[in-house]
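User: I'd like to learn how to read a model like this one. Can you walk me through it?

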Amino acid sequence: DGGLSNTISINSDTVILVTYVNNENPLTFDISRIQSGKVNEAVPSVSNGKIYFYLNKNYYEKETGNNVQKVAMDVKPAVKMERTLLPIKYVAEAIGADVKWDQPTQTATFTRNGIEAKINIYSNVINVSDGRKVLMDTNPVIISERIMVPITNIANIFGLTNGELTDGIDNDIEWDQGNYRVIINIK
């Protein structure tokens with residue numbers, strides 16, 4: 001077991017990139033910054049595993065093999081109008097999508113596997129780069145300055161299946177009623 005790390009300074013911030021190798025399975029950690037005494041914890045990318053978003057908890061969990069890591073969030077998933085709402089920033093990061101925010105247009109854009117989706121906070125339509133328009137059953141909701149959308153709409157954008165954990169179907173995204181959580185299976 002061993003690890004490699006590189007540390008550089010950019011404009012008085014310290015940037016750390018770490019690759020950890022365990023049993024021949026490298027985990028590459030996102031770049032983290034140390035600013036004014038604050039550390040943004042590096043989070044390993046998940047290529048095979050599960051991600052758990054819990055209602056009313058300000059963290060999600062990433063599970064790979066026997067390793068479970070808690071990742072802090074600044075907003076909790078919520079239920080509004082019988083819809084489970086998740087913060088798209090954290091969902092996008094968890095599934096390996098790149099997220100960008102355009103303040104003038106009030107639009108969040110996230111990209112995964114060459115597919116780009118744009119969500120304007122004042123619209124219930126998600127514009128997808130392949131020409132699709134995904135109609136959400138509700139407009140995005142802003143909670144603690146984060147855009148929250150129903151998880152089923154995120155699934156629709158990226159062609160992921162979703163359902164109930166108890167329905168007997170192996171879905172990409174599952175609702176686990178017994179534990180009040182959303183499970184995202186990363187394959």
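**Reading the core, the sheet and the confidence**

Analyst: Let's start with Phe 110, which touches Ile 88, Ala 92, Ala 97, Asp 98, Val 99, Ile 115, Glu 116, Ala 117, Ile 119, Ile 157 and Phe 158, leaving aside residues up to four places away in sequence. Contact here means heavy atoms within 4.5 Å.

User: Which residues touch the most other members of the largest nonpolar core?

Analyst: In soluble globular proteins, nonpolar side chains tend to be buried together. Here the largest nonpolar core has 40 residues, and Phe 53, Phe 110 and Ile 184 touch the most other members. Its largest share, five residues, comes from helix α1 (residues 88–94). Such a core is a set of buried (under 20% relative accessible area, 1.4 Å probe, protein chains only) Ala, Val, Leu, Ile, Met, Phe, Trp, Tyr and Cys residues joined through side-chain atoms within 4.5 Å.

User: In what order do the four strands of the open sheet run?

Analyst: Strands of a sheet pair through backbone hydrogen bonds, either parallel or antiparallel. This open sheet runs β9-β10-β17-β16, with antiparallel pairing. Its edge strands, β9 (78–80) and β16 (141–143), each pair on one side only. β10 (residues 83–87) and β17 (residues 146–150) pair over three bridges; DSSP must find at least two for a pair. Leu 85 has Pro 150 in β17 as its bridge partner.

User: Where does pLDDT stay under 50?

Analyst: Where pLDDT is low, the predicted coordinates should not be read in detail. pLDDT, the predictor's confidence in each residue from 0 to 100, stays under 50 over residues 1–45. The chain's mean is 77, with 75% of residues at 70 or more.

How values were computed. Residues are numbered from 1 along each chain as its sequence is written. This is a predicted model: local features need pLDDT of at least 70, side-chain atom pairs count only at pLDDT 80 or more; totals for chains, interfaces and linings use all residues. Side-chain values use heavy atoms; hydrogens and water are left out. Buried means under 20% relative accessible area, exposed over 50%, partly exposed in between (1.4 Å probe, protein chains only). Helices (H or I, at least four residues) and strands (E, at least two) are DSSP runs, numbered from the N terminus.
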